[in-house]
Amino acid sequence: MNLLDSTPELELELFYKKIAGNIKKKRIENGLNQLEVALEIGIGSVAFYSNCENLKYNKHFNLAHIYKLAKLFNIEPCDLLK
């Protein structure tokens, strides 16, 4: 049995939504806009960053993004996953 096959899509969507929400909250708390954060973590396109933060077009942050975002916000990566 494949674990991914038994994980409902809605559950994964909620997981991505939680992470994106945490990232957005930290970005706002730090007084940064999407362009500033995107450039700081090496994403050259604010549109791509925005799509990840808003879960548009099935885009979401990867582990490298989460690591870099945590460093930028001076928190542990796991704090973005809670």
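This section describes the salt bridges, the aromatic pairs and a nonpolar surface patch of a predicted model. Residues are numbered from 1 along each chain as its sequence is written, and side-chain values use heavy atoms, with hydrogens and water left out. Because the model is predicted, local features need pLDDT of at least 70 and side-chain atom pairs count only at pLDDT 80 or more, whereas totals for chains, interfaces and linings use all residues.

A search of the whole structure gave 3 salt bridges (a side-chain nitrogen of Lys or Arg within 4 Å of a carboxyl oxygen of Asp or Glu). Side chains of opposite charge can pair when their charged atoms come close. In the pair formed by Glu 53 and Arg 27, the closest N and O atoms are 2.9 Å apart. Helices are DSSP runs (H or I, at least four residues), numbered from the N terminus. Glu 53 is buried, at 5% relative accessible area, and Arg 27 is buried at 8% (buried, under 20%; exposed, over 50%; partly exposed, in between; 1.4 Å probe, protein chains only).

Glu 29 pairs with Lys 26, with 3.3 Å between the closest N and O atoms. Both residues lie in helix α2 (residues 9-29), 3 residues apart, which is about one turn of the helix. Glu 29 is partly exposed at 48%, and Lys 26 is partly exposed at 25%. A further salt bridge joins the side chains of Asp 79 and Lys 82 (3.3 Å, N to O). Asp 79 is partly exposed at 31%, while Lys 82 is exposed at 58%.

The whole-structure search also gave 2 aromatic pairs. One of them is formed by Phe 15 and Tyr 16, with ring centres 6.2 Å apart and planes at 45°, so the pair is tilted. Rings of Phe, Tyr and Trp (its six-membered ring) pair if their centres lie within 6.5 Å; planes under 30 degrees apart count as stacked, over 60 as edge-to-face and the rest as tilted. Phe 15 is partly exposed at 42% relative accessibility, as is Tyr 16 at 25%.

Leu 35, Leu 39 and Val 46 make a nonpolar surface patch of about 260 Å². Patches consist of residues with over 30% relative accessible area and no salt bridge, with nonpolar side chains (Val, Leu, Ile, Met, Phe, Trp, Tyr) joined within 5 Å and like charges within 9 Å. Accessible areas come from the Shrake-Rupley method with a 1.4 Å probe; for residues, only the protein chains shown count as cover. Leu 35 lies in helix α3 (residues 34-40) and is partly exposed, at 43% relative accessible area.

Notes. Helices (H or I, at least four residues) and strands (E, at least two) are DSSP runs, numbered from the N terminus.
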